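Keep the structure open beside you as you read.

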Amino acid sequence: MKTALPFLFVFFTFLSGFAQRISKTEAIADIDYLDKVIRAAHYNPFLYTSEVKYTQKINQVKSTIPDSIETRPFTLKLGEITGLIDDAHTAPTFIQSIFKADFRKPVFLPLTFVADKKGKTYSDGKALPGIIPAGAEIISVNGTSIQKFYQESALRVGGLQTYRNEIAIKMLGYNLYLSGIRPPFKITYQYQHKKEIKTIENGSILRDLIGDAFPNLVGKPYSFNILEDKVANIELNTLEGDYHPYLKFFDSCFTVIKQKKIKTLAIDIRKNTGGNSINADLLLGFFNSKKYTLSGGKNWKISQLYKDQLTKQGDTSNNYLKQSNNSIWQRHNCEPYDPKYTSEQAFFNGQVYIITGPMTFSSANMLADGVKQFKLAKLIGEATGENTNDFGEGYRFQLPNSKIGFNVSTSLDFGADCNNKTKHPVLPDRQIETSYLDKIKGLDPVLQYILKVSE
């Protein structure tokens, strides 16, 4: 099991009770604390960057701290440090619960965005329709260049460039909030070759900004529908949480599929950033009876910090606790196993498509990897957002002064091919790209293709 994307995993975990502004001394102490934890707990923070560059970045960030700083922009500065490590699991909790007093206030830019391959940003028209035309190129907000801010935001995220870009564009409104941009919003945009300026007096609440991109955060972990009476469509937006609700949901879906004699199933994990891989095993049990594995194991850094976290969670029997601190615990197992669960009454024998994209991450990436490696279904869409060999198993903590939440990877997990030299994401069997224009128009070429071939 991998840890889900940090901001999904620890949303509203930490309590409030913090200083909105901290002194330079306190900020530097927090940076030193973060550095200490990364060096102690991370599997290898210098796997993709040098220690020299990392130390230079820490010193550079420290040098930009004024006499005092608000915790919101300080969060962005800390992202510059973890972004350099190039590990998407190691990052500030993107949606910090210390700011939750603002989450229900209309202080967020009421726009959601898409970006083209040149880094230009456009309104997708979804957040609050009618404010700015869908497809309008957003040039600036309150004097801040949006294209430049988007590109800078991508540097604060680790991992593959496609994943960095996707997270940066989906979190753009929230990051603008962290940077200090508040209503009223003076928006400069270009639409149909004409430059316009519009002022929006009131903002939006956070839920309206993240609901479409991260449905799990607004109470929509999964959904099910039948498309044109011929394709069953499961949107699996997370794997986080206990297995009981998932088992109940999967059973209800596949029971309906069997009753309606549907022959084609699409399982959409394009918005799934991970969670508990056991829930992926449960899903596979409804349409697969072959042996498989989702992972070839891991190398796990042993630290007292992670031991303390396990003990605090009540996990006192974990074998991790028996390992020597500062060692690497190698846990490799490449043997395929029988399905951990098999549904007999609702088992599906038709065509299964797994839809992937650059937000398919962590345990969802493992699901796609196992399916591809053992040919359990047909992968379609775009490459996943993570290499099959990548970091995982997060240590979660708060910085002592700012109370900013963080996640730091403690392991290097290996893909289902059990090859520790593999350096690529899960590639679909059929590549179908959803362009920024498709997103603006509300088109889904992947589902359109599946419907067409299912005729």
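## A buried helix

A residue counts as buried when its relative accessible area is under 20%. By that cut-off, seven of the eight residues of helix 7 (residues 172–179) are buried, so helix 7 is largely enclosed by the rest of the structure. Bear in mind as you look that this is a predicted model.

The buried residues of helix 7 are Leu172, Gly173, Tyr174, Asn175, Leu176, Tyr177 and Leu178. Their cover includes helix 4 (71–85), helix 5 (146–155), helix 6 (161–170) and helix 8 (206–210), along with strand 4 (113–115). Just after helix 7 comes Gly180, which takes a positive phi of about 105°.

## Helix 4 against helix 7

One of the covering elements is worth a second look. Helix 4 packs on helix 7 at an angle of about 120°, and their axes are 7 Å apart. That angle makes helix 4 oblique to helix 7.

On the helix 4 side, the contact is made by Arg72, Pro73, Thr75 and Leu76, and on the helix 7 side by Asn175, Tyr177, Leu178 and Ser179. Sorted by class, this contact of helix 4 with helix 7 has four nonpolar, three polar and one charged residues. Asn175, Tyr177 and Leu178 are also among the buried residues of helix 7.

## Helix 12 and its surroundings

Helix 12 (residues 363–374) has twelve residues and reaches 16 Å from its first C-alpha to its last, close to the 16 Å expected at 1.5 Å a residue. Nine of those twelve residues are buried, so helix 12 is also largely enclosed by the rest of the structure.

To find them, look for Ser363, Ala364, Asn365, Met366, Leu367, Ala368, Asp369, Gly370 and Val371. These buried residues pack against helix 10 (277–284), strand 15 (351–356) and strand 16 (378–381). Just after helix 12, Lys375 takes a positive phi of about 55°.

## Helices 2 and 3

Our last stop is another helix pair. Helix 2 (residues 24–41) and helix 3 (residues 51–63) pack at an angle of about 160°, with 10 Å between their axes. The two are therefore roughly antiparallel to each other, and the crossing of helix 2 and helix 3 is right-handed.

Helix 2 makes the contact through Lys24, Ile28, Ile31, Asp32, Asp35, Ile38 and Arg39, while helix 3 contributes Glu51, Tyr54, Thr55, Ile58, Val61 and Lys62. By class, the contact of helix 2 with helix 3 has six nonpolar, one polar and six charged residues.

Key: Residues are numbered from 1 along each chain as its sequence is written. This is a predicted model: local features need pLDDT of at least 70, side-chain atom pairs count only at pLDDT 80 or more; totals for chains, interfaces and linings use all residues. Side-chain values use heavy atoms; hydrogens and water are left out. Axes are lines fitted to C-alpha atoms, for helices over the stretch in contact, and angles run from 0 to 180 degrees between N-to-C directions. Helices (H or I, at least four residues) and strands (E, at least two) are DSSP runs, numbered from the N terminus. Angles under 35 degrees count as roughly parallel, over 145 as roughly antiparallel, 65 to 115 as roughly perpendicular and the rest as oblique. A crossing is left-handed if the near helix is turned anticlockwise from the far one by less than a right angle, and right-handed if clockwise. Contact means heavy atoms within 4.5 Å. Ala, Val, Leu, Ile, Met, Phe, Trp, Tyr, Cys and Pro count as nonpolar, Asp, Glu, Lys and Arg as charged, and the others, Gly among them, as polar. The expected span of a helix is 1.5 Å times one less than its number of residues. Buried means under 20% relative accessible area, exposed over 50%, partly exposed in between (1.4 Å probe, protein chains only).
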